Amino acid sequence: MMADDKLVGVIGGMGPDATVDFMAKVIAMTPAHSDQEHVRMLVAHNPRIPSRQHAMQGSGEDPGPAIAATARQLEKAGADFLVMPCNAAHGWRDDVIAATSIPFISIIEESASAAIHADLEGGPVGILTTPACFSAGLYQHELAARQREIVMQSPEELAETMSLIDRIKAGDQSEQVTEGLLELSEQLVTRGAAVIIAACTELPLVLEQSMFDVPLVSSTDALAMKTVDLALGNEPLPNR
């Protein structure tokens with residue numbers, strides 16, 4: 001452990017496999033030669049947080065209070081900064097910020113930055129995502145602020161993507177699921193996407209760059225990389 005390392009608070013469980021994948025990516029990205037050189041993570045694995053999809057559709061319980069409570073628990077336990085490896089849950093980012101006094105690192109901001117760096121020619125960014133993330137306008141707002149054109153999915157494509165993501169959440173990481181998501185991605189490329197953001201942390205469980213002819217940005221990877229840099233002191237923590 002280095003003197004300037006930080007304790008990461010992970011608001012997890014949305015979903016469980018995605019949280020474990022995020023932790024694995026943090027471990028894989030850390031240049032460690034011993035146990036003691038790895039990133040310290042305090043993980044609140046809370047799959048009881050209400051569905052972000054149902055809440056955004058107006059048919060389910062508001063997950064904001066549970067997300068905020070989880071964030072408070074992590075800060076109270078000693079976390080220096082917070083991350084949340086779930087894209088749609090960032091629709092309740094303000095709840096986290098209002099409930100805590102430590103920095104919160106946005107997966108949306110990190111993924112948008114990674115997409116821009118992946119295509120320096122400034123081409124359109126395709127967003128492969130869920131209905132809740134789309135409805136919240138998370139990537140639309142972030143990429144518009146960076147003056148980058150966006151290729152979004154149609155309502156039918158979003159519904160099909162969500163159906164496949166639900167299968168992943170249920171443990172199905174089959175070739176059929178992967179092929180379905182690749183077909184949906186290809187539709188974004190056909191409509192002009194020069195880079196694609198896998199804007200749901202279940203997607204990197206079945207998709208990888210070798211399957212694509214354009215750059216693929218894993219939101220999980222983008223957040224994990226930033227987490228490692230901040231935790232090891234390679235970058236200073238941002239201001240609140």
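I began at Ala-198, which stands opposite Ser-218 in E8. The model is a predicted one, where local features need pLDDT of at least 70, side-chain atom pairs count only at pLDDT 80 or more, and totals for chains, interfaces and linings use all residues. Residues are numbered from 1 along each chain as its sequence is written, and side-chain values use heavy atoms, with hydrogens and water left out.

I took helices (H or I, at least four residues) and strands (E, at least two) as DSSP runs, numbered from the N terminus. Two strands pair if DSSP finds at least two bridges between them.

E7 and strand E8 (residues 216–218) pair in the parallel sense over 3 bridges. I then looked at strand E5 (residues 125–128), which is parallel to E7 and joined to it by 4 bridges. Ile-127 has Ile-197 of E7 as its bridge partner.

Which way do the side chains of E7 (residues 195–198) point? Val-195 and Ile-197 point one way and Ile-196 and Ala-198 the other, and all are buried (under 20% relative accessible area, with a 1.4 Å probe and protein chains only).

**The open sheet**

I found 4 strands in an open sheet, in the order E2-E1-E3-E4, with parallel pairing. Strands E2 (40–45) and E4 (104–105) are the edges, each pairing on one side only. Strand E1 (residues 7–12) runs parallel to strand E3 (residues 81–83), and 3 bridges join them. Gly-9 has Leu-82 of E3 as its bridge partner.

H1 lies across E1, E2 and E3, and runs at about 180° to E2. Axes are lines fitted to C-alpha atoms, for helices over the stretch in contact, and angles run from 0 to 180 degrees between N-to-C directions. Contact means heavy atoms within 4.5 Å.

**Helix pairs**

I checked helix H1 (residues 16–29) against helix H10 (residues 219–231): the axes come within 9 Å and cross at roughly 50°.

I next took helix H8 (residues 155–169) and helix H9 (residues 175–190), whose axes come within 10 Å and cross at roughly 155°. H8 is therefore roughly antiparallel to H9 (over 145 degrees). Among the contact residues are Leu-164 and Ile-168 of H8 and Leu-181 and Leu-184 of H9.

Methods
Buried < 20%, exposed > 50% of the residue type's maximum accessible area, 1.4 Å probe, protein only. Parallel < 35°, antiparallel > 145°, perpendicular 65-115°, else oblique.
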